[in-house]
Amino acid sequence: MPAPLLELKGLQVEFTTFEGRGVTLDIDRLEVLEGESFGLVGESGSGKSLTALATLNLVPNPPGRIIRGEVWFQGRDLLRLPPREMGRVRGAQIAAIFQDPMSSLNPVFTVGEQVTRVLMHHQRLDRKTAYRRAVELLETVRLSDPETVGRKYPHELSGGMRQRVVIAIALSCGARLLIADEATRNLDVTIQAGIIDLLTELKCRTGITVLYIANNPAVVAEICDRIGLLYAGQLVEVGPSAAVLAGGGHPYTRALLAAIPRVGDTREVLEVTEGFPPDPIRPPPGCRFHPRCRRASPECQAATPPAVTLGPDHRVYCHHAGWSA
Amino acid sequence: MTTPMVEAQAVKMYFPIRAGVLQRPVAWVRAVDGVDLAVRKGQSMGLVGESGCGKSTLVRVLLRLYRPTAGRVRFMGQEIGHCPDGKLGVLRKEAQMVFQDPYWSLNPRMNVGEIIGEPLAVHTRLSRRELASRVEGVLTMMGLASGDGRRFPHEFSGGQRQRIAIARALVLRPRLLVLDEPTSAIDALSQAQILNLLNSLRQELDVTYLTVSHDLAVVSYLCEAITVMYLGKVVEHGLTRDVFRNPLHPYTRALMSAIPQFTSAVKRERIVLSGAVPSAVTPPPGCRFHPRCPERTDRCAQEEPGLLEAAGGHHVACLSAPVQPGDPH
Amino acid sequence: MALPANRPRPAVLEQIRYSGYLITKNSLTTVGFGIVLVLLVIALLAPVFVPHPEHAVLGTTNVAEALRPPSGRYLFGTDELGRDLFSRVIYGTRISLQIGTLAVGLALLIGVPLGLVAGYLGGFVDEVIMRVTDIFLSFPPLLLAIAVAALLGRSLTNAMIAIAIAWWPWYTRLMRGTVISLREKPFVEAARMMGTPATRIMVRHVLVNSLSPVIVQASLDFGSVILTSAALSFLGLGAQPPQPEWGLILSTARNYFLVAPWYSFFPGMAMVITVLAFNLVGDGLREITDPKTRRL
């Protein structure tokens with residue numbers, strides 16, 4: 001098994017608002033292996049984007065604060081790096097793309113110029129070489145006619161093309177880890193499919209590690225080797241995609257898979273989980289899923305569930321793990 | 001054949017692009033460009049397509065939020081496309097809509113009781129007490145607590161807010177319910193609750209659904225019939241199971257192959273569309289899909305395909321599709 | 001079925017508490033609100049604690065005590081007619097707050113409905129209303145106020161009317177912008193689709209949701225309006241002697257600036273503090289009503 005490139009240990013993020021203070025994110029252990037693509041799945045408010053921010057040590061403070069934990073990346077704990085060092089890691093070794101590509105692009109420069117500048121800065125190339133390399137990169141992200149696209153401004157491109165440009169910029173820094181936070185959420189399905197295919201291809205060709213964050217497990221299944229599921233800020237299950245999506249692990253995983261309608265579905269009624277997502281500031285005690293869980297017993301409310309290993313590299317945080325097996 | 005619940009004939013909706021000192025229109029965005037559509041009474045119809053295909057504009061024309069540039073719209077047999085606003089009473093009472101965004105679709109300064117009671121206040125002369133009991137009844141039907149009427153929208157989760165929006169739409173017992181991306185902004189577990197709720201309500205209340213969505217899975221679960229739009233035109237129409245089993249238009253096939261389906265992308269055959277959706281100001285000549293179509297022929301750039309019947313009730317607008325001869329729609 | 005444990009408190013109470021929290025969170029805002037509160041109390045209770053109300057209200061003179069410097073007897077000194085400046089400046093607070101409230105209120109009364117109608121209806125109505133506001137906005141507000149005040153004749157009431165006439169177009173503009181962005185929101189669309197009459201939509205859906213920016217602007221304007229009215233009085237177009245209006249006091253005081261500096265100092269300071277306080281309150285309100293600062 002390859003070594004972990006990124007490892008989160010005992011990470012807890014606290015939020016303080018007028019309504020109170022609570023541990024919004026509580027991750028026991030999560031590792032992203034070298035060269036894999038890892039999918040982090042959860043509903044909005046489950047803390048998946050917060051995990052990405054914590055990894056980059058960018059949790060907005062206030063209202064948020066990392067109260068404990070370690071984020072190991074290439075042998076260093078990112079949470080204990082001096083700010084300048086961390087700044088270098090963010091640009092050069094970890095790149096991030098977000099839901100809204102416009103927020104990562106400068107509207108007053110052409111996209112070719114933007115990729116060129118990043119290359120000049122990070123790879124210390126002269127302008128001409130950098131420009132040639134920028135065009136190559138735009139071609140790598142499957143933009144047809146990269147020369148022409150390079151001369152355009154962000155607002156002249158469609159959403160899918162912008163996201164491809166952002167990916168090209170991420171690649172141009174020579175990053176080892178690419179964090180894609182809901183990168184296809186606002187895109188149409190046919191455009192989304194193109195980006196998914198691109199990320200899959202890039203992973204194979206460049207060996208870049210991808211941390212893919214999404215709310216749709218079906219999207220993640222297409223890209224990722226391994227999946228982690230978050231519910232209300234807690235990791236509930238992590239393991240190889242196929243094993244997790246088989247649905248035999250955590251009751252939440254089961255509930256989620258049963259709730260999603262599929263094309264060609266013959267079910268008349270979707271299996272429904274009652275209740276509503278909990279307040280992130282005041283999550284339920286113990287296992288945070290227990291108020292909605294069919295298997296809930298008194299111990300689920302009393303104690304945080306332990307990690308139970310179900311198979312190779314497949315663990316579940318549940319007091320009743322393995323019940324369906 | 002009985003009168004359809006709502007019917008569009010050759011409907012066009014163009015929006016002007018104005019420029020210059022005099023703000024004269026210099027070009028037109030052809031959001032909807034010649035659409036025929038009929039939703040039968042009691043049917044559940046799905047309208048799918050990607051952003052910019054005109055599906056949201058079309059339903060807004062069907063509900064006379066916009067006056068169509070050309071064409072006829074009939075609601076329960078009555079022409080509503082061009083009649084004066086004062087004659088829309090039946091439409092405003094019998095057709096309601098649920099919006100995509102559960103945050104902005106409810107007035108943040110009104111409590112839930114006022115929000116749900118508003119259609120009653122506008123269309124009926126119920127006493128305060130009758131109104132309150134109607135509101136309470138519909139709250140219970142939606143699985144909300146009766147005391148929730150005194151609370152404000154921001155106190156609820158996305159899924160709960162969408163139930164409130166559905167409650168507001170159903171309180172008048174309308175005949176037609178338009179659902180504009182009803183679950184695309186809420187979480188998966190709440191989505192399942194809402195979809196089940198919508199399906200059971202339709203049987204219970206005998207209401208016609210017209211669902212607009214980009215999510216084919218949602219449509220397949222909610223709708224008996226489906227209409228696929230691309231760039232202002234209908235490209236395929238038929239019963240959901242026929243369209244899914246045997247998609248006839250290349251665009252429908254590409255759309256279906258793009259749906260994420262819990263399998264690795266490496267193992268899947270995917271029809272990848274090249275390029276972006278063209279501008280609706282200057283749509284391509286001939287078949288509008290031809291610049292991106294993997295199966296295009298020379299004819300496609302010149303000849304515009306009509307929507308023709310291929311098999312019983314299954315229509316397609318493609319020159320290469322096998323259609324029954326001599327039966328223009 | 002398990003219900004979530006997080007049923008929040010009643011909305012109104014929660015809003016008030018939360019606003020209180022935001023006011024006290026920023027110390028400058030707290031200071032602003034504090035000063036405004038003190039000014040209000042001073043204005044209301046002036047007759048109770050002022051030593052010489054007759055100097056302020058009636059302008060009774062006492063030439064024997066003219067131009068006395070501040071002392072235990074005359075806290076702020078006296079003016080050239082021997083009147084107690086402390087009493088006059090305190091009574092001036094009443095006048096200033098009155099002018100602010102009435103002038104801003106009148107401007108809102110004209111500006112808000114026009115902006116609402118222009119923004120919601122659009123088209124020709126919008127075009128007409130906005131061109132009229134453009135005409136008003138093309139004059140500097142002070143100049144316009146001077147012109148109108150001169151036209152109407154010298155009095156405090158006319159000065160207030162003049163200020164309102166110079167100010168309403170700003171509210172119309174602000175209101176129209178907010179209304180246009182709200183007009184496209186789904187809850188307004190929903191109301192139109194269910195056949196809600198336009199007037200009801202404008203009042204119940206649009207107006208109530210578009211007032212915050214106008215209220216913020218109005219509280220910021222409070223200070224400028226007080227300044228403008230002082231300027232009008234200073235020029236002789238507003239308050240008339242013996243009214244204890246700060247601008248009017250200052251206009252006389254400048255003749256004695258070298259011999260009696262306190263004469264200018266106290267009304268000047270009163271104005272500075274008042275204007276500053278309303279600006280702080282306006283900034284604070286902006287922060288409180290900004291959706292970005294609310295919640296997570």
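The side chains of C:Ser229 and C:Glu245 are joined by a polar contact of 3.4 Å. In this predicted model, C:Ser229 belongs to helix H9 of chain C, which comprises residues 198–234. Its relative accessibility is 1%, and since buried means under 20%, C:Ser229 counts as buried. A polar atom of the C:Ser229 side chain also lies 3.2 Å from the backbone oxygen of C:Ile226. When neighbours within four places in sequence are left aside, the residues in contact with C:Ser229 are C:Ile99, C:Ile163 and C:Glu245.

**Salt bridges**

Side chains of opposite charge can pair when their charged atoms come close. Over all chains, the structure holds 44 salt bridges.

| A:Arg226 | A:Glu36 | 3.0 Å |

In chain A, the salt bridge between A:Arg226 and A:Glu36 links distant parts of the chain, the two residues being 190 residues apart. A:Arg226 is in strand E9 (residues 226–231), whereas A:Glu36 is in the loop between strand E2 (20–33) and strand E3 (37–41). Are these two residues buried or exposed? A:Arg226 counts as buried because its relative accessibility is 4%, under the limit of 20%. A:Glu36, at 6% relative accessibility, counts as buried as well.

C:Asp126 is buried, with a relative accessible area of 9%, while C:Arg176 counts as partly exposed at 24% relative accessibility.

Because C:Arg173 lies in helix H7 and C:Asp134 in helix H5, the pair ties together parts 39 residues apart in sequence. C:Arg173 counts as partly exposed, at 43% relative accessibility; C:Asp134 is partly exposed too, with a relative accessible area of 27%. A network of salt bridges links C:Arg173 and C:Asp134 with C:Glu127 and C:Arg131.

**Helix H4 of chain B**

Helix H4 of chain B covers residues 128–141.

The buried residues in H4(B) are B:Leu131, B:Val135, B:Val138 and B:Leu139. These residues cover an arc of only 105° around the axis, and therefore they are on the same side of H4(B). An α-helix has 3.6 residues a turn, so residues three or four places apart point the same way. Helix H3 (112–123) and helix H5 (158–170) of chain B are included in what covers the buried residues of H4(B). On the face of H4(B) turned away from its buried side are the exposed residues B:Arg129 and B:Thr140. Just after H4(B), B:Gly143 takes a positive phi of about 75°.

Notes:
Residues are numbered from 1 along each chain as its sequence is written. Chains are lettered from A and ligands numbered from 1 in the order in which they are written. This is a predicted model: local features need pLDDT of at least 70, side-chain atom pairs count only at pLDDT 80 or more; totals for chains, interfaces and linings use all residues. Side-chain values use heavy atoms; hydrogens and water are left out. A salt bridge is a side-chain nitrogen of Lys or Arg within 4 Å of a carboxyl oxygen of Asp or Glu. Helices (H or I, at least four residues) and strands (E, at least two) are DSSP runs, numbered from the N terminus. Buried means under 20% relative accessible area, exposed over 50%, partly exposed in between (1.4 Å probe, protein chains only). The expected span of a helix is 1.5 Å times one less than its number of residues. The arc is that of the directions from the helix axis to the C-beta atoms. Contact means heavy atoms within 4.5 Å. A polar contact is a pair of N or O atoms within 3.5 Å; within protein, one must be able to donate a hydrogen and the other to accept it, and residues adjacent in sequence count only if both atoms are side-chain atoms.
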